[in-house]
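Thanks, everyone. I have one structure to walk through today. Let me put it on the screen.

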Amino acid sequence: MDNCIFCKIAAGEIPSKKIYEDERVMAFYDIAPAAPVHVLIIPKEHVLESAREITDEHAALIAHIYQVIARLADELKLDGGYRVVTNAGPDAGQTVMHLHFHLLGGKLGPMA
Ligand code: 5GP
Ligand code: ZN
C-alpha cells in the first residue's frame, strides 16, 4: 500500500533493524522503544489495518505470528516472560495503520 511505512520497511525501502523474516511475516526493533526489548512483528502484506478486522480467514496468519513471537522471546532470552500488545484505533494510540504486534520484554510496568 502506498505511503505505508511498514509496507516500505517490509519491502526494504526504509531501513530497519530486522531480526526475523519469512515468507509471511517480518520482525524488527521499534525505533522508539517503550521497554528494554521492543520488537514489532508485522505481516509483510498489508492485509489489515488493525486487529479489529481479523476474521476466520486470518486465523493461520495470526497463529503464525504468535508462534514467531514465542520463538523470538526464546531467542531474546525473555525467560521471565513478555507482553504482546496490538493497538487498534485512535483511543489505543495506533499510529501506523498496518496490522502489527508489539513484543515487549525486560522489566515491564503495569498495563495502561
Ligand atoms: P502503534 O502506535 O501504531 O501501535 O505503533 C507503531 C510503532 O511503530 C511505534 O511504536 C513507533 O515507534 C514505531 N515506528 C514508527 N515508525 C517507525 C520506523 O520507521 N521504524 C521502526 N523500526 N519503527 C517505527
Ligand atoms: Zn502497510
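Start with two phenylalanines, F6 and F28: both are buried. Keep in mind that this is a predicted model. Buried here means under 20% relative accessible area.

F6 sits in helix 1 and F28 in strand 2. They are 22 residues apart, so the pair links distant parts of the chain.

How many aromatic pairs are there by this rule? The count is two. The other one joins Y66 and F101. That pair is edge-to-face as well, at 5.6 Å centre to centre and 70° between the planes. Y66 lies in helix 2, residues 59-75, and F101 lies in strand 5, so this pair ties together parts that are 35 residues apart in sequence.

F101 has a relative accessible area of 2%, so F101 is buried. Y66 has 38%, so Y66 is partly exposed. The cut-offs matter here: under 20% is buried, over 50% is exposed, and partly exposed is in between.

One more ring before we move on. K17 lies over the face of Y29. The distance from the ring centre is 4.8 Å.

Next, the core. A word of background: in soluble globular proteins, nonpolar side chains tend to be buried together. In this model, the largest nonpolar core has 18 residues. Which residues have the most contacts inside that core? They are V39, I41, I65, L72 and L103. Four elements each supply at least two residues of this core: strand 2, strand 3, helix 2 and strand 5. Which of them gives the largest share? Helix 2 does, with seven residues.

Stay on helix 2 for a moment. V68 is in this helix. V68 has 1% relative accessibility, so V68 counts as buried. Now go back along the chain to E53. V68 and E53 are 15 residues apart in sequence. In space they are 21 Å apart, C-alpha to C-alpha.

Now the largest pocket. About 590 Å³ of space lies in it. The lining has 31 residues. Which of them lie nearest the centre? D30, A32, H38, L40 and H102 do. Helix 1 gives the most to the lining, with three residues.

What is the lining made of, by class? Nonpolar residues number 19.

Next, the backbone. Most residues other than glycine have a negative phi. Two residues in this model go the other way. N3 has a phi near 60°, a positive value in a residue other than glycine. Where is N3? It is in the segment before helix 1. N3 has a relative accessible area of 71%, so N3 is exposed.

K77 also has a positive phi, near 60°, and again the residue is not glycine. K77 is found in the loop between helix 2 and strand 4. Is K77 buried or exposed? Its relative accessible area is 63%, so K77 is exposed.

Last, two distances across the chain. Take Q94, in the loop between strand 4 and strand 5. Q94 has a relative accessible area of 11%, so Q94 is buried. Q94 and I9 are 85 residues apart along the chain. Their C-alpha atoms are separated by 17 Å.

Then E21, in strand 1, residues 18-21. E21 has 34% relative accessibility, so E21 counts as partly exposed. E21 and H100 are 79 residues apart along the chain. The C-alpha atoms of these two are separated by 14 Å.

That is my tour. Back to the screen for discussion.

Technical notes. Residues are numbered from 1 along each chain as its sequence is written. Chains are lettered from A and ligands numbered from 1 in the order in which they are written. This is a predicted model: local features need pLDDT of at least 70, side-chain atom pairs count only at pLDDT 80 or more; totals for chains, interfaces and linings use all residues. Side-chain values use heavy atoms; hydrogens and water are left out. On a 1 Å grid over the protein atoms alone, a cavity is a set of points where a 1.4 Å probe fits but cannot get out, and a pocket is an open set with protein on both sides within 12 Å along at least five of seven lines; lining residues have an atom within 4 Å of a point. Grid points are joined across faces, edges and corners, and a volume is the space filled by probe spheres set on the points. Ala, Val, Leu, Ile, Met, Phe, Trp, Tyr, Cys and Pro count as nonpolar, Asp, Glu, Lys and Arg as charged, and the others, Gly among them, as polar. Rings of Phe, Tyr and Trp (its six-membered ring) pair if their centres lie within 6.5 Å; planes under 30 degrees apart count as stacked, over 60 as edge-to-face and the rest as tilted. Buried means under 20% relative accessible area, exposed over 50%, partly exposed in between (1.4 Å probe, protein chains only). A charge sits over a ring if NZ of Lys or CZ of Arg is within 6 Å of the ring centre and within 35 degrees of the ring normal. A nonpolar core is a set of buried Ala, Val, Leu, Ile, Met, Phe, Trp, Tyr and Cys residues joined through side-chain atoms within 4.5 Å.
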